[in-house]
Amino acid sequence: CESPNSWIPEFHFYKPNHWINDPNGLFFFEGTYHLFYQMNPDDVVWGNMHWGHATSEDLISWEHEPIALYAEPEGLGYIFSGGAVVDVNNTSGFAKSGETPIVATFTHHSKDEVQTQSLAFSLDGGKTFEKYSNNPVIPNPGLKDFRDPKVVWYEPGNYWVKAVVAGQCVHFYRSENLLQWEKLSEFGHNIGAHGGVWECPDLFPLHCEQSGETRWVLLISINPGGPNGGSAMQYFIGDFDGRDFLVQDKDTRWLDYGTDFYAGITFDNVSEAPTQRTIIAWMSNWNYANKTPDNAWRGAMTLPRILKLVKHPHSYALCMEPVKQSEKLWSSKKSSHRVFDAPIALPDAYKLEITLEKTASETLLEWRNGQGNLIKLKIDLANMCAHFDRSEAGFDNHDFAATIDVPLLASDSEFMEITVCVDTCSLEFFFANGERTLTALCFPDSAFSELKVSGNLLSVADKTEILVSPLKK
Ligand code: FRU
């Protein structure tokens, strides 16, 4: 039964009438992006995990495809998360007649909760998959949590490297053919955040355009233990020498400070890969994922984003922005606002581009609707932090009513630029070219119809400007 407001996303990927969680097996091949995801074919709560499938030519409009991998409840088990690689050189030998195999690597989770690593391959560019007959390819080493394999080609050694999470660390393996795996090393015992179990690793090299240097990046989802409660993603930057991952520094770094950016992984085989990776994450949090009020469907993906490496004086960091293709979502009929005495009228789905003069020490943005719901974002440039509050925004649930703090980064620029992509039940904030991001779900009783801006320096001389671009319909 559909609720009066079913919060159906207007520009985010979701699966009607189903539960979805993590993105899986992302790859690009012959003009098509493939998105697989954790899916329950029977219900709108987690369970009976299969891999659902969707395809896109531009990462923005998606076509639903048939289920790619079916659970084997009586056999090796449910199909948990993992990645996929385009095996360009047929190292796996799966191709017999010149095809390019796509090899999906995933976790089998059995009825008695034993987790093992398995493979499936496709010889028709990802349309259909066959499970490998000798699964699992990595047996369980005696650990309760041992899952989410993600594979990358290690060019200097001419072999594949697989990252698998094991409790609160990562195990790395190598293989020449994706079939036989040899353990290389472990990472994470005394480093990073350990408030919860580690999940969904992703390892890849990234070239920094600014410095001309390459660093290795390791993404790790952690649940619970995120900076603002529950699930979140941390990352490490360093080097991978073919065996060990060696970190640049010991600080814990968060990829997104919001409560709803989880289990993100990057696409294999995207041509811009040396300097950027394309990432999609699941827009929810295990603290409340099964309870959100979107009960005719449950779970959506973030906008696909570009990940890049930025150089700071003594270290590297990651920044994230929506993929370029997302620009086509927005109507060119922007409205520009420089005077803030009256609230700004808002469409249902839109992009905001906010330019704040840095001399404004405090600015408050308030989204309101006719139902008394309210979202607040306070930008405190004196203390370089942003404070987001959805506790009065609808969906009155103790686990959901989060307030989120984002430390901002000092820079020489006179302005703080913020982009916000707002959909029916989500807000994605990109601060200062995406060096900080905040992704948050929100279930108002009706769409927020107005934005009120107030602050200590909103005079005519102030250069603060807000542009509103409605979603193109
Ligand atoms: C992350 C996760 C993975 C697991 C999958 C099960 O959200 O817990 O570790 O493979 O979800 O659906």
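Two notes before you click on. This is a predicted model, in which local features need pLDDT of at least 70, side-chain atom pairs count only at pLDDT 80 or more, and totals for chains, interfaces and linings use all residues. Residues are numbered from 1 along each chain as its sequence is written, and side-chain values use heavy atoms, with hydrogens and water left out.

**Stop 1: the whole chain**

Switch to a cartoon view. You'll find 0 helices and 33 strands (DSSP runs numbered from the N terminus: H or I of at least four residues for helices, E of at least two for strands). The radius of gyration is 22 Å, close to the 23 Å that the globule rule gives for 473 residues, so the protein is as compact as a globular protein of that length (the radius is taken over C-alpha atoms, and the rule is 2.2 Å times the number of residues to the power 0.38). Along the principal axes, the C-alpha trace spans about 70 × 55 × 40 Å.

Of the 473 residues, 60% count as buried (under 20% relative accessible area, with exposed over 50% and partly exposed in between, using a 1.4 Å probe and protein chains only). Among contacts with a separation of 6 or more, 60% come from residues 24 or more positions apart (contact means heavy atoms within 4.5 Å).

**Stop 2: residues 347–453**

Select 347–453. UniProt, in an unreviewed entry, places the feature "domain: Glycosyl hydrolase family 32 C-terminal" here; such annotations may be inferred rather than shown by experiment. The span is 0% helix and 56% strand, and its end C-alpha atoms lie 16 Å apart.

Now pick Ser426, in strand 30 (residues 426–431). Is Ser426 buried or exposed? Ser426 has a relative accessible area of 2%, so it is buried. Beyond residues up to four places away in sequence, Ser426 touches His12, Met283, Cys421, Ala440, Leu441 and Cys442.

**Stop 3: Tyr257**

Jump to the loop between strand 17 (253–254) and strand 18 (262–266), where Tyr257 sits. With a relative accessible area of 10%, Tyr257 is buried. Show its contacts beyond four places in sequence: they include Pro227, Ile404, Asp405, Arg436 and Leu438. Asn228 is another contact of Tyr257; the two are 29 residues apart in sequence and 6.9 Å apart in space, C-alpha to C-alpha.

**Stop 4**

Most residues other than glycine have a negative phi, and most peptide bonds are trans. Here are some exceptions to look at.

- Asn135 to Pro136: this peptide bond is cis, with omega near -5°. Pro136 lies in the loop between strand 8 (130–131) and strand 9 (146–154).
- Asn223 to Pro224: another cis bond, with omega about -10°. Look for Pro224 in the loop between strand 14 (214–223) and strand 15 (232–240).
- Leu59: phi is positive, near 70°. Leu59 is in the loop between strand 3 (50–56) and strand 4 (63–69), and counts as buried at 3% relative accessibility.
- Asp148: phi is positive, near 65°. Asp148 is found in strand 9 and is buried, with a relative accessible area of 4%.
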